[in-house]
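Subject: Structure for your review

Dear colleague,

I am handing over the structure below, together with a description of what was found in it. Please read the text alongside the coordinates.

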Amino acid sequence: MKRRLFVATSLGAALAGCAKVGQVTNALNGNGPIHQAIGIVQPLDHGVFGTRGMARVYPDSYVDKDFRTNGLPTPTDTTYQALAKDNFASYRLRVDGLVEHPQTFDLHHLRAMEQLVQATRHDCVEGWSVVGKFGGVPLATVLGMVAPKPEAKYVVFRSFDIDDQGTAFYGSISVHEAMHPQTLLALDLNGKPIDPDHGAPVRLKIPTQLGYKSTKWVRSIQIVDSFAKIAGGEGGYWEDQGYEWYAGI
Ligand SMILES: Nc1nc2c(c(=O)[nH]1)N[C@H]1C(S)=C(S)[C@@H](COP(=O)(O)O)O[C@H]1N2
Ligand SMILES: [Mo]
């Protein structure tokens with residue numbers, strides 16, 4: 001038991017899986033168990049306090065050999081598959097929006113920056129956890145390079161995966177959370193480049209938040225002052241299905 005903390009175990013029964021949207025939506029109507037469970041950790045004003053705590057960093061002996069996968073399936077579209085075929089050599093990460101210096105990064109550029117490697121626990125809202133050693137670039141480094149404008153509030157991540165209704169995955173966190181020293185644009189998992197199933201070539205890994213905030217398969221990043229007009233308006237694919245936008249742990 002020492003390695004596994006089951007967060008919100010009672011949710012397991014109500015939520016059979018992050019990918020099972022119909023069930024999730026039903027469970028979330030009104031003030032279902034997920035709202036109660038997540039609501040407990042939502043500070044009154046997350047912009048002022050409550051998000052600066054550090055997630056625990058684990059010794060290597062705690063790292064789990066198998067990092068379970070979850071959520072939408074690995075993208076099968078031709079754009080993603082073509083990128084994967086040449087080891088993402090033609091992958092480009094565009095970072096723009098409310099920034100002074102919009103920039104496009106390739107993987108060499110990202111790997112040339114100072115890397116942070118940390119074994120942290122991934123807690124899925126369904127009630128399972130796994131310790132993985134993620135390496136990559138602190139998002140704060142990249143934000144420092146593009147220089148968000150004073151009105152910048154949120155960082156929006158767009159992904160390559162699309163659900164069976166044709167809805168594209170996206171997610172968002174506040175600029176404040178993005179600047180947290182443990183918030184990573186992860187390139188490596190357990191000493192190797194992240195594999196396609198875990199979000200290659202670049203995924204967000206934010207260990208201070210529940211797993212569904214760690215957007216996989218990041219294709220672009222946009223800095224905005226509001227996400228009200230993006231997709232369902234709730235700030236993310238799972239949020240548009242009823243999950244709380246703020247998922248601090
Ligand atoms: N693009 C994308 N990112 C995603 C998801 C997803 O469906 N699509 N699922 C989220 C959920 S619910 C979890 S628990 C983690 C799972 O990450 P893993 O597959 O590497 O374990 O990814 C998160 N990021
Ligand atoms: Mo999840």
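Strand 3 (116–124) and strand 5 (154–162) each contribute at least two residues to the shell around ligand 1; please bear in mind throughout that this is a predicted model. The ligand is surrounded by 21 residues, and the closest of them are Arg68, Leu72, Asp161, Arg203 and Lys216. Sorted by class, that shell consists of eight nonpolar, nine polar and four charged residues.

A backbone N or O atom of Asn70 lies 2.8 Å from an oxygen atom of the ligand, while a polar side-chain atom of Ser159 is found 3.2 Å from a nitrogen atom of ligand 1, and a polar side-chain atom of Trp238 is placed 3.5 Å from a nitrogen atom of ligand 1. Of the 530 Å² of accessible area that ligand 1 has on its own, the protein covers 100%.

The largest cavity holds about 250 Å³ of space, and its lining is made up of 21 residues, of which Asn70, Gly71, Arg203, Gly211 and Lys216 lie nearest its centre. By class, the lining of this cavity has nine nonpolar, eight polar and four charged residues.

The second largest cavity has a volume of about 40 Å³, and the residues that line it are Phe169, Tyr170, Gly171, Ser172, Tyr212, Lys213, Thr215, Trp238 and Glu239. Strand 6 (168–174) and helix 8 (237–240) are the elements that give two or more residues to this lining, and strand 6 gives the most, with four residues. In terms of class, four residues of the lining of the second largest cavity are nonpolar, three are polar and two are charged.

Turning to the pockets, the largest pocket contains about 200 Å³ of space. Its lining is formed by Ala84, Asn87, Phe88, Leu107, Arg111, Leu187, Pro193, Ile194, Asp195, Pro196, Ala200 and Pro201, which divide into nine nonpolar residues, one polar residue and two charged residues.

With best regards

How values were computed. Residues are numbered from 1 along each chain as its sequence is written. Chains are lettered from A and ligands numbered from 1 in the order in which they are written. This is a predicted model: local features need pLDDT of at least 70, side-chain atom pairs count only at pLDDT 80 or more; totals for chains, interfaces and linings use all residues. Side-chain values use heavy atoms; hydrogens and water are left out. On a 1 Å grid over the protein atoms alone, a cavity is a set of points where a 1.4 Å probe fits but cannot get out, and a pocket is an open set with protein on both sides within 12 Å along at least five of seven lines; lining residues have an atom within 4 Å of a point. Grid points are joined across faces, edges and corners, and a volume is the space filled by probe spheres set on the points. Ala, Val, Leu, Ile, Met, Phe, Trp, Tyr, Cys and Pro count as nonpolar, Asp, Glu, Lys and Arg as charged, and the others, Gly among them, as polar. A residue is near a molecule or strand if one of its heavy atoms lies within 4 Å of it. A polar contact is a pair of N or O atoms within 3.5 Å; within protein, one must be able to donate a hydrogen and the other to accept it, and residues adjacent in sequence count only if both atoms are side-chain atoms. Accessible areas come from the Shrake-Rupley method with a 1.4 Å probe; for residues, only the protein chains shown count as cover.
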